[in-house]
Amino acid sequence: MRTIEIFDTTLRDGEQTPGVNLSLNEKLEIALQLERLGINRIEAGFAATSPGDLKSIQTIGGRVKNSTIVSLARSVQKDIDKAWEALQHAESACLHVFLATSPIHRKYKLNMTKEQVVENAVAAVKYGKKYFDLVEFSCEDGSRTEMPFLIEVVQAVVDAGARIVNIPDTVGYTTPKEYGEIFRQLSANIRGIENVKLSCHCHDDLGMAVANSLAAVEGGATQVEGTINGIGERAGNAAIEEVALALDTRKDYYQATTGLKLDEIARTSQIVSRLSGMIVPANKAVVGANAFAHESGIHQDGVLKEATTYEIIRPEKVGIKTNKIVLGKLSGRHAFNDKLIELGYHLEQDELNDAFRRFKDLCDRKKQVSDDDVIALVDSKLTDVPETFKLENIQLSYGSNSIPTASVRVVKSTGDILEEAACGNGSVDSIYKAIDRVTNEEVVLEDYKILSVTHGKDALGEVYVRLSQGAISVQGRGVSTDVLEASAKAYLRAINKIIALRGDSVEVLI
Ligand code: MN
């Protein structure tokens, strides 16, 4: 059995998903869960792009002990300096430098000759090695690079000291057979390959990211890069949970396994979905709500007689629990805290007191509180975005033959209490218009989604909005037993994020 290491880039490539902007605490929460999942390397960001990214990498590097923390950097000294600034105190750190190698990128993007590409790549790796023991080099657009030149670049960076070499399919163009062959060629032709990890990084533009990653493993890759739920640039990245389950379920065929704790997968998927606002489709492999639902009578009958007739993965394997109802009105602080620990949360005393108070409030409105309710409760507070505006009160007048009118009262961080009213086309519209007035912010509502966290009439409602203002695009999330209140919270939170982001310079990523 070969061991395949997993490089997670949910916090870097995944965060490049349009509209996804994670706060520092949200990134930290995801990183700690990735550590529990057993991820080998966590790419926490791209230190040179903004002070906010640098700080997140630094914070994650200070907290995560069992995974190596990675920062991306272009092949230029100032980027590598920033990566070192972010990671110098991390328990285990890795620099990830990249430079495009394909003819298209050399000619139109870099305006560099082959010789210049090799020279810059080698210089970057050597410069990185002054600080970092572990350096990964990525040949951006590697899958569209001429094979002889790819071998030349890889040999040069290996000789310069790179210990991981990644061949990304940056644009999601390759096919399994072609991509697997690249890894076979490199394994056969690079001197010193036995001391180097070959890594794959696939995008899903043609729906082949996972298939291509598995082909790379067959060809000799020993590291797979991807994201949880497959989020990422454009059509997204290879979904880590799918790669891991494919290797596990078909170990007879691949003869390879990952070190992941597979029963942490469902929870990891849920946290990433909630915090990123990227909802997992019901039919998504491994983590979709329907992934283990059998509809056909013939299938149901088969599964009841013998699960393996129609079920190749047991839901428990990925951590899906069948009995979810646990807490209620009579549950005390101790039981609540035990539940939090079971779900993987480790709250400080203040946070615990606050969460417990909100749990008790919820029990007044809801008979049974499920795991999902508790997760939603805790996650909804997971934000370090300064609350420039805090919702104090909403009042709404609605009738089927009258114009909906909302009045909203907020407290500003300065202590001022502000109140405004507005009419709208519907209840949510009137609330949003009143919030626009009270905050005096001009924003565009790009998307609005409403979900029920759990089942039943008293379920918690979860609202996701995406707002934009100029070049800034953010998502906001609100949770409440009342969907109108959840709508207002989500909207106001997104506005607070926009205000916070305006103070941080955000460069466009590659
Ligand atoms: Mn990518």
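The side chains of Thr268 and Gln33 are joined by a polar contact of 2.9 Å, a polar contact being a pair of N or O atoms within 3.5 Å in which, within protein, one must be able to donate a hydrogen and the other to accept it, with residues adjacent in sequence counting only if both atoms are side-chain atoms. The model is predicted, and local features need pLDDT of at least 70, side-chain atom pairs count only at pLDDT 80 or more, and totals for chains, interfaces and linings use all residues. Residues are numbered from 1 along each chain as its sequence is written, and side-chain values use heavy atoms, with hydrogens and water left out.

Thr268 belongs to helix H11 (residues 265-276); helices (H or I, at least four residues) and strands (E, at least two) are DSSP runs, numbered from the N terminus. With a relative accessibility of 1%, Thr268 counts as buried, where buried means under 20% relative accessible area, exposed over 50%, and partly exposed in between (1.4 Å probe, protein chains only). Apart from neighbours within four places in sequence, Thr268 is in contact (heavy atoms within 4.5 Å) with Gln33, Leu34, Leu37 and Ile228.

We can turn next to the domains. The assignment, which comes from an automatic or database source, gives domain 1 (2-276), domain 2 (333-379) and domain 3 (389-501). Between domain 1 and domain 3, the C-alpha centres lie 38 Å apart, and the contact takes 8 residues from domain 1 and 10 residues from domain 3. These two domains bury about 730 Å² between them, 37% of it on carbon and sulfur atoms; buried area is the accessible area (1.4 Å probe) that two parts lose on being put together, summed over both. Gly19, Asn21 and Arg274 supply 69% of the area that domain 1 buries against domain 3, more than any other three residues.

Across this interface of domain 1 and domain 3 there are 5 residue pairs in polar contact (both at pLDDT 80 or more). Helix H11 gives the most to the side of domain 1 that touches domain 3, with 4 residues. The two domains also share 2 salt bridges, each defined as a side-chain nitrogen of Lys or Arg within 4 Å of a carboxyl oxygen of Asp or Glu. Lys497 and Glu26 meet through their side chains in a salt bridge (3.8 Å, N to O).

The whole structure holds 37 salt bridges. In the one between Arg234 and Asp205, the closest N and O atoms are 2.7 Å apart. Arg234 lies in the loop between strand S8 (223-226) and helix H9 (240-249) and Asp205 in the loop between strand S7 (197-202) and helix H8 (209-219), so this pair ties together parts 29 residues apart in sequence. Arg234 is partly exposed at 43% relative accessible area, and Asp205 is partly exposed at 31%. A further salt bridge pairs Arg358 with Asp354 (3.4 Å, N to O); both lie in helix H14 (residues 349-365), 4 residues apart, about one turn of the helix. Here Arg358 is buried at 15% relative accessibility, whereas Asp354 is partly exposed at 22%.

Finally, the largest nonpolar core has 92 residues, and Phe137, Val154, Val165, Ile167 and Phe183 have the most contacts inside it. Such a core is a set of buried Ala, Val, Leu, Ile, Met, Phe, Trp, Tyr and Cys residues joined through side-chain atoms within 4.5 Å. Helix H6 (residues 147-160) provides the largest share of this core, 9 residues.
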